[in-house]
Amino acid sequence: MPDVVVAGAGPTGLLTAFELERAGLDVLVLERDAEQATQSKALALQPRSVEVLADRGLLPAIEPSVQAKLPAGHFSGLPIGYADLPTRFPYQLGVEQAHVAAAIEARLRTPVVRDAAVTAVSQDDEGVTVTAGRRTHRAGWLVAADGGHSTVRTLLGAAFPGTSARVSLVVADVTLSAKPAGVADGWQLPSQGSGYLLPLSGGRFRTVVFGEEQQRLGRDEPVTAGEVQRALTAAHGPGILVGEVLWASRFGDASRQLERYRHGRVLFAGDAAHIHLPVGGQGLNLGLQDAVNLGWKLAATIRGTAPDGLLDSYHDERHPIAARVLVSTRAQAVLGVPDPDAAAVRAVFTELLAVPEARRAVAMELSGLGITYPGTTGRATGVPAAPDGRAVLVGATVPAGWAGRVEGRLGAAPRLVRPDGYVAWHGGPGLEDALHRWFGLPAPEKP
Ligand SMILES: Cc1cc2nc3c(=O)[nH]c(=O)nc-3n(C[C@H](O)[C@H](O)[C@H](O)COP(=O)(O)OP(=O)(O)OC[C@H]3O[C@@H](n4cnc5c(N)ncnc54)[C@H](O)[C@@H]3O)c2cc1C
């Protein structure tokens, strides 16, 4: 019997499984789709996600697929420079989400079980029972990372308050048989308005369109080459000719968040826990940070070493972060509305962003580098994660009884770093308190 079943092999589910396996647990990942994803919704990783992947040794496998290092993020299309951010990676990595997921999946001990859509879930005091296809699995815990339309969320009747979509957009990967010079010649930040075009590898182009036609058509209406052609002609003129639509999907600006990320022995992460307009490149990054926050807490809970309340701190720490992203993406959506009032707000906002402090505050938020959690002093830089998921104590002796949970390292700046990379103590008094707060009681001394 696995310790944990993870529903969904998107980036969030895969990184959660990676974190749990790293900590020595047995994990079963159940994925609805029969094949590994080759299409990507997200095309960019924010600096904090790049740090997290680098610290876990996952970046080298992603790097060959990187198409661009974007020196800025954007807020509703307004460039937000990253050059002065306090990180080794002061840029967004332009890389298709499918490559990120594949790199994580390649490092899992237990292969993902595909063609295995979760259809039923029940739980009792001892564990969870999960049905996928004709098979029923028993495990101690379930992590629901089954995306924005989460089946597990529906099965549990979990409250998912927020607003429904009011605008409809199409994302499509297409080939072009002709395009005007200067259009989609390189990676650039999304411009305001429908018809954004970006070159992907292999002669494909990514576009996002949201004209009147998209508002008229139903959410389940197939996207045709004609529809994309009309939208791109409207944006770029008659010189652009769509060849084939390779992949397309409709999406909207629905904005919702689970009231509680934990429902007994079921924990929600990624899009299963929060959805919003994908503007500013936040969703994938939120999911990856959920995964690294949850992984070590669930592992310690399963091993029986977690202090009281540690697992619930996953909700307490991560819910406000996603709530803030929902505020940010709602604001970005308003700035993008094509009417004079929104244009006036956009003009004022653009002026404000010329103030370095304002630009930096927005950059720290979008990049994920500004995240802190209560009881921590922000992320540790230059402290790679321990390969076995232990915490790391730099520049101080690991006190007796803690070696199983804390790896000691030499270093000039003393720090106790949680397994998700956040500093729980930084020298001076309080080391024992921090150890107890995050890692429970020390192991008894061997006689
Ligand atoms: C057009 C667009 C552009 C975007 N661009 C960006 C960007 O640039 N940067 C960014 O950070 N984010 C972006 N996002 C958001 C980002 O793609 C998502 O936030 C991200 O995919 C969330 O990952 P996830 O693993 O939580 O969910 P998903 O990627 O949706 O993965 C969920 C997985 O669960 C599987 N599944 C579903 N139901 C079941 C079931 N019943 N049983 C088992 N498995 C199941 C699915 O097949 C899927 O593999 C974008 C989104 C869109 C739509």
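**Close-up views of a predicted model**

Phe75 is buried, with a relative accessible area of 7%. This value, like every other one here, comes from a predicted model.

**View 1. Phe75 stacks with Phe349.** The model has 6 aromatic pairs. In the pair of Phe75 and Phe349, the ring centres are 5.0 Å apart. The angle between the planes is 15°. That is under 30 degrees, so the pair counts as stacked. Phe75 belongs to strand 5 (residues 72-75), and Phe349 to helix 10 (residues 340-352), so the pair ties together parts that are 274 residues apart in sequence. Phe349 is partly exposed, at a relative accessible area of 24%.

**View 2. Tyr261 and Tyr314 form a tilted pair.** Here the ring centres lie 5.7 Å apart, and the planes meet at 50°. Tyr261 sits in the loop between strand 17 (255-257) and strand 18 (262-263). Tyr314 sits in helix 9. The pair therefore ties together parts that are 53 residues apart in sequence. Are these two residues buried or exposed? Both Tyr261 and Tyr314 are buried.

**View 3. Trp296, Trp438 and Phe439 make a ring cluster.** Ring pairs link these three residues. Trp438 also has a charge over its ring: the charged end of Arg418 sits there, 4.5 Å from the ring centre.

**View 4. Arg265 sits over Trp141.** Which part of Arg265 lies over the ring? It is the charged end of Arg265, 4.7 Å from the centre of the Trp141 ring.

**View 5. The second largest pocket has a volume of about 240 Å³.** It is lined by 18 residues. Closest to the centre are Ile321, Val325, Glu365, Gly368 and Ile371. Which elements give two or more residues to the lining? They are helix 2 (47-55), helix 8 (283-303), helix 9 (312-335) and helix 11 (356-367). By type, the lining has 6 nonpolar, 8 polar and 4 charged residues.

**View 6. Val325 is a buried residue of helix 9.** Its relative accessible area is 9%. The cut-off for buried is under 20%, so Val325 qualifies. Leaving out residues up to four places away in sequence, Val325 touches His276, Gln282 and Leu286. Take Gln282: Val325 and Gln282 are 43 residues apart in sequence. In space, the two are 7.3 Å apart, C-alpha to C-alpha. Val325 is also one of the residues closest to the centre of the second largest pocket.

Key:
Residues numbered from 1 in each chain as written. Predicted model: local features only at pLDDT ≥ 70, side-chain atom pairs only at ≥ 80, totals over all residues. Heavy atoms only, no water. 1 Å grid on protein atoms, 1.4 Å probe; cavity = no way out; pocket = protein on both sides within 12 Å on 5 of 7 lines; lining within 4 Å. Points joined across faces, edges and corners; volume = space filled by probe spheres on them. Helix = DSSP H or I, 4+ residues; strand = E, 2+ residues; numbered from the N terminus. Nonpolar A, V, L, I, M, F, W, Y, C, P; charged D, E, K, R; others polar. Phe/Tyr/Trp six-rings, centres within 6.5 Å; stacked < 30°, edge-to-face > 60°. Buried < 20%, exposed > 50% of the residue type's maximum accessible area, 1.4 Å probe, protein only. Lys NZ or Arg CZ within 6 Å of the ring centre and 35° of its normal. Contact = heavy atoms within 4.5 Å.
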